[in-house]
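Please work through the exercises below with the sequence and the model side by side. Try each task before you read its solution.

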Amino acid sequence: MLLVAAVVLLASWLWPVPAVQKRALAALEAPQERPGSNAYATLALLGVEGLTPEQRQARVDAHARAFERWYVAEYVPRFNAISMGTMDEEAVALPPPLLAAGEAPPVASPVLCSFGQAAECLGRVRRQPQAVASALVPQAAVLAQMDEMAVHGHYHSPLTQGEMTPWPAMGPLQVPLGAHALAHVRGDSPRALAGLCRDAGSGRMLMAHGDNLLTTMVGNAMLVANEALFAAVLAELPLDAPLPAACATAFAPLSPDEAGICNGMRGEFAMQRGLATLMDRKIQDTQRLGVLFYSGRKTLARTAGTLGDACLPEARQAIAEDRRLPAPPARVLAWWRPECLTNSIGCILGDIAAPAYGGYAHRQQDTAAQVRLLGAVLWLREHAARDAATPLAERLDGLPAELRSAHRPITVSADGTALETPSYTRRNGVERLRVPLPQAMLAR
């Protein structure tokens, strides 16, 4: 029996990595494009007063060096000392902070609009414009630095990623929505449009060129929120009101790479790879018997099978055609599978984490569809005078190819006031995405 058990364990240890996992692994480890300058220093110190861009970068560089010293001297030894499992945050000294006491911008007032309230933001601001103006006063530094955010081409954290790595505060990115809505309400619509297109571009940058899934989804929310408020403002303007040049870039149809979550998944995988490296080193140095329960190589391959689908050519092709990406198959916890007999910890943790990644890809696809809807509104607006006698539904037949989807055609809403298309996420019971049409167009 001992011999049989030894043979079974040896077979499990030598069990080859499946071809599908190897393919996903290669896709996740492919080089990541990082265009332009890095937005990390601007975002990490957004709202901190009295710093030039160069001083912000110097502060971030110094913090990165201090963090890496802490990681090597404090985190890794403590990780090796505790039992197999995740780090107890109370068992290790906290990492050095980037912000000094009192430097963080004040928490935004609930009077201001959040990303989730963007579609109703104009109404909220109209009801209490003075309260909104007062709430924006302490956020002056955040508003002043949004131009700096817009010049960057990607986001990449210089810190080793792990469970105790600090993240930049993302909440301040919502603050400008209230300022844009207030500008429009007070009659300065060109300023509102310029700010919305600028910030939509920043959201698009974070979504498409971030280095982790959190940044991808924050960028997604930022783009959608600024698009929704832009559409609401546009609906109240004359058809001949000029649009800032930046709007054409900010709201251009998303490419398949922009509408995917590959870069975010690569960041998640890089974090898992760091953890696997630590676990392997821990087993080698302090817990030799752990080799019977954990294999970094197999765990990473299994993790790649969960995360890597987003980076495969077939996923990109489905996004390009706007086909709904298939949901990942449900996993059944089973430590006794051949590849898991000598990696029970890696298999169990991986199977528990897998469902947490469901839905993100469909959210990105819906964002691409939302941008197409706005593009269709802008196209109809541009040709409103020429096609005034043609019913709206018929005008949609002339949409350019980049605004069309064979799987989710754009239609006029039942009440005739908006364009719609089906949603793939169906969040909060919403089955159709919607963008309002300009009121001046409805009057024709």
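**Exercise 1.** Does Ala-406 count as buried or exposed, and at what relative accessibility?

*Solution.* The model is a predicted one, and every value used here is computed from it. The first step is to find the residue, and Ala-406 lies in the loop between α17 (392-395) and β1 (411-412). The second step is to compare its accessibility with the cut-off: exposed means over 50% relative accessible area, so Ala-406, at 76%, counts as exposed.

**Exercise 2.** Which residues of helix α14 are buried, and which helix do the buried residues of α14 pack against?

*Solution.* Helix α14 covers residues 313-320, and its buried residues include Ala-315, Ala-318 and Ile-319. These residues cover an arc of only 100 degrees around the axis, which puts them on the same side of α14. The helix that the buried residues of α14 pack against is α16 (360-382).

Gln-365 lies in helix α16, and Gln-365 is buried, with a relative accessible area of 1%. Leaving out residues up to four places away in sequence, the residues that Gln-365 touches include Ala-318 and Ile-319, and also Asp-322, Arg-408 and Tyr-424.

**Exercise 3.** What is the phi of Asp-322, a residue that is not a glycine, and where is the place of Asp-322?

*Solution.* Begin with the place of Asp-322, which is in the loop between α14 and α15 (344-353), just after α14. Next, consider the backbone: Asp-322 has a positive phi of about 60 degrees although it is not a glycine. Last, apply the cut-off for burial, under 20% relative accessible area: Asp-322 has 4%, so Asp-322 is buried.

**Exercise 4.** Which side chain makes a polar contact with the side chain of Ser-423?

*Solution.* Ser-423 lies in the loop between β2 (418-422) and β3 (432-436), and Ser-423 is buried, with a relative accessible area of 2%. The polar contact asked for joins the side chain of Ser-423 to the side chain of Asp-366, at 2.6 Å. When residues up to four places away in sequence are not counted, Ser-423 touches Asp-366, Arg-408, Val-430, Glu-431, Arg-432 and Leu-433.

**Exercise 5.** Where is the place of Cys-247, and which residues is Cys-247 in contact with, leaving aside its neighbours within four places in sequence?

*Solution.* The place of Cys-247 is in helix α11, residues 246-250, and at 4% relative accessibility Cys-247 counts as buried. Leaving aside neighbours within four places in sequence, its contacts are with Leu-193, Cys-197 and Phe-230. The C-alpha atom of Cys-247 is also separated by 7.6 Å from that of Ala-194, a residue 53 places away along the chain.

**Exercise 6.** How much space lies in the largest pocket, and which helix gives the most to its lining?

*Solution.* Rolling a probe the size of a water molecule over the atoms shows where empty space is left. About 980 Å³ of space lies in the largest pocket. Its lining has 33 residues, of which Gly-116, Val-224, Gln-370, Arg-427 and Leu-433 lie nearest the centre. The elements α10 (213-235), α16 and β3 each supply at least two residues of this lining, and α10 gives the most, with nine residues. Sorted by class, the lining of the largest pocket has 16 nonpolar, 10 polar and seven charged residues.

Terms used:
Residues are numbered from 1 along each chain as its sequence is written. This is a predicted model: local features need pLDDT of at least 70, side-chain atom pairs count only at pLDDT 80 or more; totals for chains, interfaces and linings use all residues. Side-chain values use heavy atoms; hydrogens and water are left out. Buried means under 20% relative accessible area, exposed over 50%, partly exposed in between (1.4 Å probe, protein chains only). Helices (H or I, at least four residues) and strands (E, at least two) are DSSP runs, numbered from the N terminus. The arc is that of the directions from the helix axis to the C-beta atoms. Contact means heavy atoms within 4.5 Å. A polar contact is a pair of N or O atoms within 3.5 Å; within protein, one must be able to donate a hydrogen and the other to accept it, and residues adjacent in sequence count only if both atoms are side-chain atoms. On a 1 Å grid over the protein atoms alone, a cavity is a set of points where a 1.4 Å probe fits but cannot get out, and a pocket is an open set with protein on both sides within 12 Å along at least five of seven lines; lining residues have an atom within 4 Å of a point. Grid points are joined across faces, edges and corners, and a volume is the space filled by probe spheres set on the points. Ala, Val, Leu, Ile, Met, Phe, Trp, Tyr, Cys and Pro count as nonpolar, Asp, Glu, Lys and Arg as charged, and the others, Gly among them, as polar.
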